Each structure stands twice: as structure tokens, then as C-alpha cells.
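Dear colleague,

Please find below the structure I wished to hand over to you. My notes on its cavities, its interface and its backbone follow directly.

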Amino acid sequence: MPGLWLESIDVVIDSGREFRRLPAGCAKRDGRARPAWSPVLDVVWGRALPLVAGALALVLLRYLGGCGAHTANGRGGRLVYMQRGEPRTFNPMYALDDASHEVIWRMHADLIHINRETQKTEPALAESWSALPGGTGFRLNLRRNVRFSDGQPFDADDVLFTFQAHLDASVNSAQRELLLVQSRPIQVRKIDRYTVEFDLGGPYGPAERIFDSIAILPRHLLEHSYKSGQLPGQWGLATAPPAMAGLGPFRLKNYRSGEGLVLERNPYYWKQDSKGATLPYLNEILFRQVGNEEGQVLRFLGGEGDLLNRVSAKSFALLENDAKARHLDLRDLGAGPEYVFLFFNLNPANSVPASVAGKQVWFRDARFRRAVSLAIDREAMVRLVYGGRATPLATHVTPGIRMWTNSKIPPPVRSVADARKLLAEAGFRVADNQPLRDRDGRAVEFTILVSSSNQQRAQMAAMLQQDLKELGINSQVAPLERQTVQDRVLRSKNYEVCLFGLAFGDADPGSEMNVWPSSGPTHVWAPSQQQPGSDWEAEIDRLMRQQMATEGYGARKRLYDQVQEIEARETPIVSLLSPNVLVVARRGVGNFRPAVLDHYTLWNAEELFLGPEAGAAK
Amino acid sequence: MRWRLRTGLPVAYLVVLAFSMVLAPVLTMHSPEIQYRVAPCAAPSGRFLLGTDELGRDVWSRLLYGGRVSLGAGLLAASLSVCIGLLAGASAGLSRGLLRRLVLALAELFLSVPWLYLLLAIRAFLPLTLSPAQVLLLLSTVIGAAGWARPGRLITQKAAEVREREYVEVAENLGAGRWHLIRRHLLPELLPLALTQFLLLLPGYVLAEVTLTFFGLGVGEPAASWGNLLAPLRHPAVVGCLQLASPLPLLAALVLACELLSGHGRGDY
């Protein structure tokens, strides 16, 4: 998935601690997974080593044997999920909003899936796969005896139909771009009823991750609409449940706008638990929509829901106060895929207003950008704005994208003295308690664009102002409506500096291809360039393209590390922090193993169950 | 005693409020924008009279300086509304024909304008580099210009009623000009109504500025305004920073004072 806009979300963290899934009966303290009865161990430790060794062995056995998904003691029940908005469609080809995705991905399945917990691929509808000779594609072996939620069988024709529809430019699928490799659509070929070949046209770095989040559609229900050009109108919110079918763990039972949406168990679901029992465990999931986070939190405290996705640090603190009394299970998962950053308008001078072009002389100097970065007190932002539940960033790769962080890049350290030195080197006139002036004697001042609907950003902007004042830079904050901010950054390019947020769509640099190459539509500081605007941008372009065409994690990692090194040196964006992923469940929700990638608490919905404690907790 | 309660107390409150805002630099020890980051959400103390906000800024300073912005916006907007209303209403009241119908139709039109969206649209098209003072002026102008219709309609009706009185007709028949009629006969009758409208609009416009800023559409951070002070309270978690609610009693007292002074409660108009 491409990098996502992050203007309405602000969330979760755990300062890069290792997060491991815990079985019921395990507690998480001091950042380490320990059994709930470990205090007993502490006492025993001082008295009898053999006993301690025996107990440790027991713990190890328990951990190794039982920290995966638990099988449910009791099936059934309805889980209530608090959702922040109403879904806009049930059609996976056109879903763009979070609410629609949250529902759709409980009803559909993909061929190869990225496990949100391990961030690695695992078999889904394709039970195995192999690379084609030369690494130019994949041969996928599909599961047999799989049925859609309406009972119809699934086979290679459904796969063929799905990819044909996605790749047809006239269909305007929201996911079509993801299926273009080097701007060419991938080729799909049916070998037999349960074997399909995908030709990617050459080596492709993200490899089989390309299949994640491409929902396999039922040919028997949608082919007619596709042929008659009616596909975009299919599976809207008014569609009757029997007219839809998927290969996911649940199917639509009913939806009434304003009242909620109910998914029921798919009786034909293909996945089984470790004991061979069919999944899902739950009978139903009720998606209850509450328009804003404050309302969600209050209703959750009132006992209305079982799961709450991605709350802010403030809400988390509020829920933490009541966690014991209200039997809440709060998890701080650490840095997520989001990064909040500051960037300067580096668009070509002829494409920006004259007033902005005059200031670009400063912005284009990497020493100026680095000086601004050095002057920012990220630690204070983390502490005051996010209550400590965020991680300061040196580059855009957050600790949440743990496989791709460049550990050689030091963490950001604030130094106003170093910032002043850099500015002096760059020819600026630096003096105590005086405005910063450039070579021509012009006072350095600019306006920071920020979304008015995001309170954390507004606070961060206020802190930036004070930090920049220490360099003698006078800055103003312009809070504008979110859409206007995006419009100014990507279209009119009428802004000077902007405080912004983006998120990795997947734990892979492939998801950043719309951001880092100079031709990327979300290359925020100068979007959709015909030619790279500088040598270092050209080098980033080369490295990003090369990592996309390189096989093997190690080789790709080395290339992506170089991108991050250029980023640290040139500072096209001043990475500030990554908010922690904070989630909440009512105690008694079994197999609650939230992940830092979407959809956080729901990614393993088929494994969730309601234990006896869940009812009592409400 | 009754006069003191209905007029003396509200006037005294408004005077004290106005002086506090004007004398803010003298009455405060800290700049409203300086962040003492080691003391966020500090409780009231000798150093910080009303404590600090989430970024460690002095709430007392922000209350007084913020009052300048919020009250200033209200005063400017209410003055604008009443002036436009008076001008349009008096002219329309004197006229028996097209002008009166035109003004009344315009008033209807303005009453139906969704000024919040209008403000959003205007802000999006304006240059980014607007100082808090310019934003304040913009807010006041839009709120004031959009709000002239209510006083305008009332004043038109009153002016039309006065226009029909015998002594006005006699004056007109004796050759009195339009300006003479307005100055000598209409204004003395219209001014109390205009003042009442001003007092009724003032708290509403202060609240409008506070609401817009509360939702991030008014004067932006770090400039202080009552809306900026109250904004963090939209989240139920801000229980440890109750000093942020300090503008609320001042706002409530302002509404009450204006209500008492306007005579609205006594049914004068």
C-alpha cells in the first residue's frame, strides 16, 4: 500500500521496546513479557537455585507452547467494536477510508497475506508459491475446497477475474496502481483450476507482498456487472447482504446507518485453528459508529464496547485511570507506521508564488534545514503533546517499521549552538536576541501551515515557534482546514513551510514509492517532478528504483539505508516524532494481540473470542 | 437597590473587565506565549496565579491577553453589525418603496448565509501570512457583516413606525430633508434600540469568536484567546488542567451583564 495521508489520525507508542505476543495469564511489566506470577520467582531465586531452574523451564515451556493464538474455550458471542466513522462502501475496489477497510477486510481475503504481528508474509488463499525462473514472477498454488460466504466454490477463475478487473483502467480501481510494476500492469495466467502464474515483468523487491490487501472477488456475482460497466456501482451501502460474498471470516448480516453494522460468522470460512476447529470463534461483530474519539472513549467507559482502535495519548491516560475498575486491557504498542514531520517548499521557483520563491533561497540550503532540525526540542513535544507516548525521529522510518530502520543514524539531539554554527556557515547573520538575517540583510521569517482539525499538530506548531525563536527566526502558524492544507501542498504549492503527517502503508519501503522518488505524487516538498530537482534527489530516485528491482532483504536494506543516510544529510523533511499505537480492549477478549499495522486490534478478528470475563467486565 | 443590581453591577463588571484587558501588561508577570516546559498544567501558585496550560504557559496572562482578542472581536463585530443595521434600517424605514423592500430582502438573504462556511472559504483564499491581528479583523468583519440583518430588520420596522408619526410627516411637509429627518427625528428613537441590539449581539459575537477559535478556525496558536484557552477542554482527559476553564465564569458573567443592561429581560424591546 502506498504511504497514507495522516491528518486525522494521531496515535500510539512504546519507545521501541520489543513487543511480543503474550498468552492469557502473562503480564507485561517494565517492557518485558513476564508471567503474572513472576514475583514468586523473585522470592524463590534467592533461596533455591534448582527450584528456580525448574520454574524457568516451566515458564519456557509455557512460552514456547502457548504464546501463539489460543483456541477458544467457548465459541459464539458478539464483539462490539467502536468505529470512528461510517463505512462508505462495501466494494473493496473503491474503498479508501479506514471505516470501510475495517469492515471489508473482515469479509474478504487475499492470496498471500502480511501477518500484521510478524510483518512477514504468510499463505492465505494461496497455500504455497514459488518464484518463476529469473525471479520475474510467481506461481501460486491455491487452496482447494474453499467456498465463498454464499457457498459457491473458489478457484483460479475468481483470481483471474479479480486481477482483470483491478487492472482494467476503465474500472478505476483504487488499487490498480499497486499492481503496476515499473509502470506496467502485471500479467496473470491460469495454469489449471488451482494454479495461477503472475508475471511481474522482472525482479520485484517487495516480491509476494504485492498480493496483500488485494481482495479476491466472486466472479459468479460480479462478472456480469463488470462486463456491463456497472462495477463501480456494485456493493454500495444499500446492497442486500445476499448479493455480496467474500472469502473472509465474516459476512454482512445487516447495516442501518446511524445504528451500526453487524457482521456474522462465515460458515464456509477456510481457516482453522491449531486444533483443527473452524474459525472464526465469534458469532458476530457489531461495528458501532461514534463520530469522534472523545465520544468513543466516554461510551467505552460506559461499557458500550469491547475494542477501541488507536486512541490518542490523552484518551489513553484517561482510560488508564479507570483500567482496573472497569477491567480494561490497555496496550501501548510503541511507535507505529506514522511519522510527523516539517518540510519546506522546494518546488521549482516558477511554480510557486513570488513571495515563496524569495524564501526558497533559504529553504534550498541543506545547512538551513539541518539547523532548523537541530533547534527543535522533540523530547519536549513527545512529553507535552503526547504525554510521553511517542518516539522522536531522526528519519522518516519509525521504530514501528523495525525491519527497515537504519541503526547507524544517531537519534536526534537538540543543539541550538550547533544550529547557530550551521547558520553562520551558510552565511546567515546570527546574533543573540536579534532576528536571524540572510546575506542580504533580510529577516528570516516564514509561515507554518498546519491542519486546524488536529490539536496535537497545533500544539507542536506552537512549540516549533518558540524553538525557532531561539535561532532568531520569526514564524507564524496558519491553521487551515485539512483539505485546504493538502490542496496547497500538492496542487497550488502556495505555502512556505508545513507541519504534516504520513504513514507507511506496509512495513516495506515499496509503500513509500509515492513519497520518496521525485516523480511521486506525495513527494511532499516538490510533488510529481518531471526531473529530480537536485543531485541528491536523483540519487534517492536511483536507490528507490533499485531497491524495488532487487531481490533479497539484505540487498534491499542496504539500499534503503542509503536513502535514509541521504535523508539525514539533506533533511528534505525534518522528521519529528512517531506517535505510539495505543489500543484498548475490555478484559476477557481472548487472543487480543494488537499490531502496529492496520487494523491494529482487528487484524486477527477470526481468532478473537469472548471469555467469561468479558461479560463480567461490562 | 434595584437600579444597582440591574445597571450598576453589570456596568461595574464590564468596566473592571475592560480595564483588566487594557492593563494586561501591568497585571501579568509572564508573556502569554512563553512556554515553561518544565511546568505543564501546573497548579495555581505565587509564580503562576492561575497555573499553567499544557505547554506550560501562564494561564493568568493568557486569560487577560486572550480577553483582549475575544472581547475585541465581539466589540468590533457588534459595532459593525449595529452600524450597518442602523444605516440600512434608517434609510429603509424612511423609504416607503423599493429601498425598504430591497433592504428587507437583503436581510433575509444574510440571515440564510451559513457564515461558518463562508468564513472557512474566505480563510482558504486569503494569504497564509496573516498576523493574529489581521485574523481578528477578518473574523470581526465577517461575523459583523453577516450579522447586520437582525438589528437591520428591527431598526427598519422601528424607523418605518416613526416615519408614520404625525410630527415627522409635518416636518417633511414643511420641507425637512432626509438627513434632517434622520438626525432630528429618527436617530433619537432608534439609538436606544441600537444600543440594546449592541448589548444583545456582543456576548453572542464573543462566543462566536471563542467557538471558532475553539475549533481551530479563529486566532491560531500561540496567540492567546479565550477560545484557545478552552480548546483543550474538548477532551475529557484534561481533568488535571481545570484552570483552562477560567474564561467560562467571565463569559457567563459577560452574557448576564449584557442581558441585564440591554433591558431585554424587562421587555423594553
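The second largest cavity of this predicted model has a volume of about 40 Å³. A cavity here is a set of points on a 1 Å grid over the protein atoms alone where a 1.4 Å probe fits but cannot get out, and lining residues have an atom within 4 Å of a point. Grid points are joined across faces, edges and corners, and a volume is the space filled by probe spheres set on the points. The lining consists of Ile114(A), Arg116(A), Asp212(A), Gly505(A), Asp506(A), Leu597(A) and Asp598(A). By class, two of these residues are nonpolar, one is polar and four are charged (nonpolar: Ala, Val, Leu, Ile, Met, Phe, Trp, Tyr, Cys and Pro; charged: Asp, Glu, Lys and Arg; polar: the others, Gly among them).

Asp598(A) also takes part in a cis peptide bond, with His599(A), at an omega of about -10°. His599(A) is placed in the loop between β24 (589-590) and β25 (609-610) of chain A; helices (H or I, at least four residues) and strands (E, at least two) are DSSP runs, numbered from the N terminus.

In total, the rule gives three cavities of 30 Å³ or more. The largest cavity has a volume of about 300 Å³. It is lined by 30 residues, of which Gln455(A), Ala458(A), Glu221(B), Asn228(B) and Ala231(B) are the closest to its centre. Two or more lining residues come from each of β20 (445-451), α12 (455-469) and β21 (474-480) of chain A, and from each of α9 (178-214) and α10 (226-230) of chain B. The most is given by α12(A), with three residues. The lining of this largest cavity divides into 13 nonpolar, eleven polar and six charged residues.

As to the interface, 29 residues of chain B and 35 residues of chain A are in contact (heavy atoms within 4.5 Å). The area buried between the two chains is about 2,600 Å², with 56% from carbon and sulfur atoms; buried area is the accessible area (1.4 Å probe) that two parts lose on being put together, summed over both. Three salt bridges are counted between chain B and chain A (a side-chain nitrogen of Lys or Arg within 4 Å of a carboxyl oxygen of Asp or Glu). Glu54(B) and Lys314(A) form a salt bridge through their side chains, at 3.0 Å from N to O. On the side of chain B that touches chain A, 16 residues are nonpolar, six polar and seven charged.

Two further backbone features deserve mention. Leu279(A) and Pro280(A) are joined by a cis peptide bond with omega of about 0°, and Pro280(A) lies in the loop between β14 (260-265) and β15 (284-289) of chain A. His327(A), which is not a glycine, has a positive phi of about 55°.

Residues are numbered from 1 along each chain as its sequence is written, while chains are lettered from A and ligands numbered from 1 in the order in which they are written. In this predicted model, local features need pLDDT of at least 70, side-chain atom pairs count only at pLDDT 80 or more, and totals for chains, interfaces and linings use all residues; side-chain values use heavy atoms, with hydrogens and water left out.

Technical notes
1 Å grid on protein atoms, 1.4 Å probe; cavity = no way out; pocket = protein on both sides within 12 Å on 5 of 7 lines; lining within 4 Å.
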